[in-house]
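Visitor: I am new to reading structures. Could you show me how to go through this one, feature by feature?

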Amino acid sequence: MRFLYVVGTRPNFVKTAPVIAALRERDPGGRHAIVHTGQHYDRMMSEVFLEELGVPAPDHMLEVGSGSHARQTALVMERLEPVLLEEEPDLVFVPGDVNSTLAAALTAAKTLFPVAHIEAGLRSFDRTMPEEVNRVIADVLSQLLFLHSDEAVENLRAEGIPDERLHFVGNTMIDTLAALEERFRAAGAAAQLGVEPGAFLLVTLHRPALVDGPLLGETMAQLAEVAAEMPVVFPVHPRTRKMLAGAAAEQPGLHLTEPLGYIEFLSLLADAGAVLTDSGGIQEETTYLGIPCFTLRDNTERPVTIRAGTNTLLGLDPAAIAAIPAALADRPSGRHDPPPLWDGHAAERIADVVLAGA
Ligand code: UD1
């Protein structure tokens, strides 16, 4: 068969790598073309991930770069269309919920190539989030919807998507994490930063609702307070770095770093006492690893992580950060049972579905 995998951002690589590997293994004579849209392009946001995940060099680089939503989406569409016509895929994989996902699903649908959406059916029910719009459109245009949690079934049924398109296969991001576990457990990233395993707060923040306005300054002030009680390690996303623009001075206990590679980041995540984030994927990774996660948002499209007991929604409210050290003292730690089918084998189930229909 002829497969085309369209990736563009850091989390896309993590979600798609095991699917490419599983299908290459099961269909070695098939065509497995990788398209990198270039939505993320810094070495530490892109190449490092492909290398660490063992993803082959992309066959097509669209180099769209940064821009407004309309421009980024339009550039992916314009540059992907001739690639689709040249490759003539039997199936186009689009992962997650970023602008590249939306653009690729739309272009494939218009050129009449079938689409498979990895991580379908998540809903925050908040259409002010760009990702929510991307998810809804990608799902409606996909022939195969691969679900990572059972709650996605209800979301999709409510939007009228027929059951025969839904496949609850589990979480491919957890496949990647499980496959890398030996390597990241041995990486010792906390020691390299001079923080004690189990005793620091790991922070990631990059959502526009938080970092593109005054809440970012309030958040940094709260983190400085927490840092007096427990060290804070904060690898700063380029969007956030731009908004901080020198305002975030290093101070005792507050370690701001450049974006990290995936092994190094997972090493910190596994050793963190707790995590503060507005990311989607990190809510899942902490759930699998049994690390307390505090999510600085009003909602989550991943309520399964709240039911699992690892994730707490703080609201989009920097003042809530102050309560984290006390909340940690009160809660039991340790590894929980992961949600159903977060078992390291989701990509194999995707390959089963795809090849059964071939
Ligand atoms: C994008 C996704 C978001 C996802 C996140 C993961 C959309 C709408 N957003 O957000 O859902 O959670 O990726 O990281 O698709 N930049 C660089 N170098 C890079 C990439 C970005 O400097 O390699 C800077 C640029 O200034 C750019 C800004 O970061 O304007 C934002 O990048 P963009 O890809 O538009 O959105 P993200 O915030 O990364």
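Visitor: How far is a nitrogen atom of the ligand from an N or O atom in the side chain of Asp42?

Guide: The general idea is the polar contact, a pair of N or O atoms within 3.5 Å; within protein, one must be able to donate a hydrogen and the other to accept it, and residues adjacent in sequence count only if both atoms are side-chain atoms. Here the distance to Asp42 is 2.9 Å. An oxygen atom of the ligand lies 2.9 Å from an N or O atom in the Gln39 side chain, and for the side chain of His237 the distance to a ligand oxygen is 3.0 Å. The protein covers 89% of the 740 Å² of accessible area that the ligand has on its own; such areas come from the Shrake-Rupley method with a 1.4 Å probe, and for residues only the protein chains shown count as cover.

Visitor: How should I treat these values?

Guide: This is a predicted model, where local features need pLDDT of at least 70 and side-chain atom pairs count only at pLDDT 80 or more, while totals for chains, interfaces and linings use all residues. Residues are numbered from 1 along each chain as its sequence is written, and side-chain values use heavy atoms, with hydrogens and water left out.

Visitor: In which order do the seven strands of the open sheet lie?

Guide: Strands (E, at least two residues) and helices (H or I, at least four) are DSSP runs numbered from the N terminus, and two strands pair if DSSP finds at least two bridges between them. The order is β3-β2-β1-β4-β5-β6-β7, with parallel pairing. At the edges, β3 (60-61) and β7 (166-168) each pair on one side only. Inside this sheet, four bridges join β4 (91-95) to β5 (115-120), and Val94 stands opposite His117 in β5.

Visitor: Which six strands form the other open sheet?

Guide: Its order is β10-β9-β8-β11-β12-β13, again with parallel pairing. The edge strands are β10 (254-257) and β13 (311-313). Four bridges join β9 (232-235) to β10, where Phe234 stands opposite Leu256.

Visitor: How many salt bridges does the structure hold?

Guide: A salt bridge is a side-chain nitrogen of Lys or Arg within 4 Å of a carboxyl oxygen of Asp or Glu. The structure holds 24. One of them joins the side chains of Asp97 and Arg135, at 2.9 Å from N to O. Asp97 lies in the loop between β4 and α4 (99-110) and Arg135 in helix α5 (130-141), so the pair ties together parts that are 38 residues apart in sequence.
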